[in-house]
Amino acid sequence: MIKLQQAIVVEGRYDKNTLSQLVDAPIFETNGFGVMRDKRLLEFLRRVAQERGLIILTDSDGAGFVIRNYLKGALPKGKVLQAYIPDVYGKERRKAHPGKEGKLGVEGMSKEVLLQALQNAGAQTDETLQPTRRITRTDLFFAGLSGTADSASRRRILQAELSLPEHLGANAFLDALNLLMSYEEFDRRYGVNND
């Protein structure tokens with residue numbers, strides 16, 4: 001598994017699942033065209049791009065390019081890399097029929113093709129950074145942000161406080177926290193002894 005400095009944005013969960021088996025990096029979904037209506041998600045992606053850098057990796061069909069071009073215009077210049085997959089015709093294993101244009105998406109690409117696309121985009125490996133203590137699911141539990149009766153409401157408050165999109169899944173929420181704050185800052189603000 002290759003650790004990247006930049007975060008990656010893809011169209012959907014199957015793309016994310018495929019990519020997360022190859023790279024160690026935060027991976028966020030546009031929810032297809034949903035990013036065009038979700039101001040909080042777009043603002044979050046802007047923050048990620050500004051602070052860490054962002055790689056856009058969408059399908060090579062028309063819809064993928066509409067999403068890519070929208071993000072290209074909405075995200076900070078110089079902080080976004082473009083990763084392109086080739087036109088390969090066929091259908092993904094999970095689908096009964098090929099897509100509208102008959103092309104494979106990110107989820108249907110081989111490991112080698114995806115890694116080459118990231119390399120061609122200029123993705124930087126994270127070998128130079130010192131490993132740091134990351135915020136974990138256990139930390140969320142002890143901070144009362146998961147596994148308790150009021151954890152959902154406490155999580156919504158924190159998401160609003162950090163201007164995070166409200167529909168982030170549990171893993172994406174954890175990735176976002178690790179992007180936006182260190183473990184030490186999280187512990188100071190939300191740790192067990194800070195009620």
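1. In helix 3 of this predicted model, the buried residues are Gly64, Ile67, Arg68, Leu71 and Ala74, where buried means under 20% relative accessible area, exposed over 50%, and partly exposed in between, with a 1.4 Å probe and protein chains only. They cover an arc of only 135° around the axis, which puts them on the same side of helix 3; the arc is that of the directions from the helix axis to the C-beta atoms. An α-helix has 3.6 residues a turn, so residues three or four places apart point the same way.

2. These buried residues of helix 3 pack against strand 2 (7–10), helix 2, strand 5 (54–57) and strand 6 (80–83), with contact meaning heavy atoms within 4.5 Å. Helices (H or I, at least four residues) and strands (E, at least two) are DSSP runs, numbered from the N terminus.

3. The axes of helix 2 (residues 39–51) and helix 3 (residues 62–74) come within 11 Å and cross at roughly 65°, the axes being lines fitted to C-alpha atoms over the stretch in contact, with angles from 0 to 180 degrees between N-to-C directions. On the helix 2 side, Leu42, Leu45 and Arg46 meet Tyr70, Leu71 and Ala74 of helix 3.

4. Asn31, in the loop between strand 4 (27–29) and helix 2, has a phi near 55°, a positive value in a residue other than glycine. Asn31 counts as partly exposed because its relative accessibility is 49%.

5. Residues are numbered from 1 along each chain as its sequence is written, and side-chain values use heavy atoms, leaving out hydrogens and water. Local features need pLDDT of at least 70 and side-chain atom pairs count only at pLDDT 80 or more, whereas totals for chains, interfaces and linings use all residues.
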